[in-house]
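Colleague: I would like to go through the helix packing, the ligand shell and the domains of this model. Shall we take them one by one?

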Amino acid sequence: MDTAPVITLSGVRRSFPSGGGRVRAVDGVDLTISSGEVVALLGPNGAGKTTLIDMILGLTAPESGTVDVLGTSPRKAVTAGRISALLQTGGLLPDLTVRETVRMIASLHRDPLGVEEALEASGAADFASRRVSSCSGGQQQRLRFALALLTRPEILILDEPTAGMDVNARRDFWDSMRSLADAGSTIIFATHYLEEAEQFARRAVLMNAGTVLADGPTDEVRKRAGVARVTVTWSPTDAELVELEHVADIQRHGPRIEFRTDDADSLTRHLLSRTDAHGLEVAPASLDEAFRYLTAAETERTAAA
Ligand SMILES: Nc1ncnc2c1ncn2[C@@H]1O[C@H](COP(=O)(O)OP(=O)(O)OP(=O)(O)O)[C@@H](O)[C@H]1O
């Protein structure tokens with residue numbers, strides 16, 4: 001695989017006016033993405049993912065720092081059709097059919113992908129004769145995907161592409177995307193779903209408050225964010241509670257006790273083998289919770305340094 005950098009961000013910052021002050025949406029990001037990589041951009045609401053994507057697409061300029069796309073400026077790369085985006089929003093004409101929409105946009109490009117090929121690759125061929133107005137949200141997303149493919153882009157950027165899709169539509173969507181990745185396209189997608197990152201991206205970039213909190217192989221990033229909730233029925237003594245390791249938080253709900261932990265395996269092993277706790281349940285924490293945990297850990301680490 002060619003591993004030349006296709007996107008390079010250096011010291012990128014962007015803020016917006018907010019209530020008399022300014023909010024730092026992206027606050028000093030360095031990021032290099034190589035050809036053929038599939039990268040998930042993760043982060044809670046307001047982390048700065050969309051602002052970062054907008055700068056890669058030349059929709060917003062950084063206040064400081066540089067963004068290089070395919071050896072040129074984002075705008076030039078977009079104009080040349082070498083980078084394409086599937087954004088959450090974007091007007092579609094309701095009265096056209098799906099195929100008519102693809103045909104119309106294809107006619108605006110110099111050397112577009114064939115209409116049927118784009119419909120096939122995006123999974124929109126099955127409903128190509130349907131009017132846009134009667135397409136579901138997921139189908140409209142596939143149509144946007146078909147449009148994004150028309151310039152045969154080397155890089156595809158997707159901002160929460162499966163928002164509003166049900167589980168089946170989401171699976172089908174990622175199947176189509178996988179073929180594209182297998183063919184060597186570079187793909188960057190923002191998502192709130194950690195599972196999507198795990199299933200589809202080898203690399204994950206975790207953002208919070210405008211900065212990159214973690215960047216590496218998805219399973220490693222997942223482990224770092226892998227907080228879970230362990231719940232048991234148990235009446236521990238104070239000494240037993242003090243003995244517990246890997247516990248970040250304890251809450252009592254009647255006879256049940258809920259622990260937040262960064263190592264559910266060790267904690268459950270201890271509880272089941274060394275105590276009389278029973279009725280044990282383990283639930284992965286939400287991504288937002290994982291982020292709060294990681295942010296707190298990072299703040300502690302910085303404070304201690
Ligand atoms: N045009 C704007 N004007 C003012 N503030 C903005 C603007 N765009 C983004 N922001 C602020 O910048 C911060 C980062 O927003 P951004 O949309 O990039 O985050 P995000 O990670 O994409 O969030 P989400 O997952 O909710 O889409 C937020 O505090 C947001 O309110």
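Modeller: H3 and H4 pack with their axes 9 Å apart, at an angle of about 125 degrees. This is a predicted model: local features need pLDDT of at least 70, side-chain atom pairs count only at pLDDT 80 or more, and totals for chains, interfaces and linings use all residues. Residues are numbered from 1 along each chain as its sequence is written. Helices (H or I, at least four residues) and strands (E, at least two) are DSSP runs, numbered from the N terminus.

Colleague: Are H3 and H4 parallel or oblique to each other?

Modeller: Axes are lines fitted to C-alpha atoms, for helices over the stretch in contact, and angles run from 0 to 180 degrees between N-to-C directions. Angles under 35 degrees count as roughly parallel, over 145 as roughly antiparallel, 65 to 115 as roughly perpendicular and the rest as oblique. The H3 and H4 angle is about 125 degrees. H3 and H4 are therefore oblique.

Colleague: Which residues of H4 meet H3?

Modeller: Contact means C-beta atoms, placed from the backbone, within 7 Å. On the H3 side are Arg99, Val102, Arg103 and Ala106; their partners in H4 are Val115, Ala118 and Leu119.

Colleague: How many charged residues are in the contact of H3 with H4?

Modeller: Ala, Val, Leu, Ile, Met, Phe, Trp, Tyr, Cys and Pro count as nonpolar, Asp, Glu, Lys and Arg as charged, and the others, Gly among them, as polar. In the contact of H3 with H4, five residues are nonpolar and no residue is polar. The charged residues number two.

Colleague: How do H3 and H5 lie, roughly parallel or oblique?

Modeller: Helix H3 covers residues 98–106, and its axis comes within 10 Å of that of H5. The two axes cross at roughly 25 degrees. H3 and H5 are therefore roughly parallel.

Colleague: Which residues of H5 meet H3?

Modeller: H3 brings Val98, Thr101, Val102 and Ile105 to this contact. Their partners in H5 are Leu143, Ala146 and Leu147.

Colleague: At roughly what angle do the axes of H4 and H5 cross?

Modeller: H4 spans residues 115–122 and H5 spans residues 137–149. Their axes come within 8 Å. The crossing angle is roughly 130 degrees.

Colleague: Which element gives the largest share of the shell around the ligand?

Modeller: The shell includes Phe16, Val23, Lys49, Thr50 and Thr51; near means a C-beta atom, placed from the backbone, within 6 Å. Elements giving two or more residues are strand E1 (5–18), strand E2 (21–34) and helix H1 (49–56). The largest share, three residues, comes from H1.

Colleague: What distance separates the centres of domain 1 and domain 2?

Modeller: Domain 1 runs over 5–224 and domain 2 over 228–284. These bounds come from an automatic or database domain assignment. Taken over C-alpha atoms, the centres are separated by 40 Å.

Definitions and conventions:
Two residues are in contact if their C-beta atoms, placed from the backbone, lie within 7 Å.
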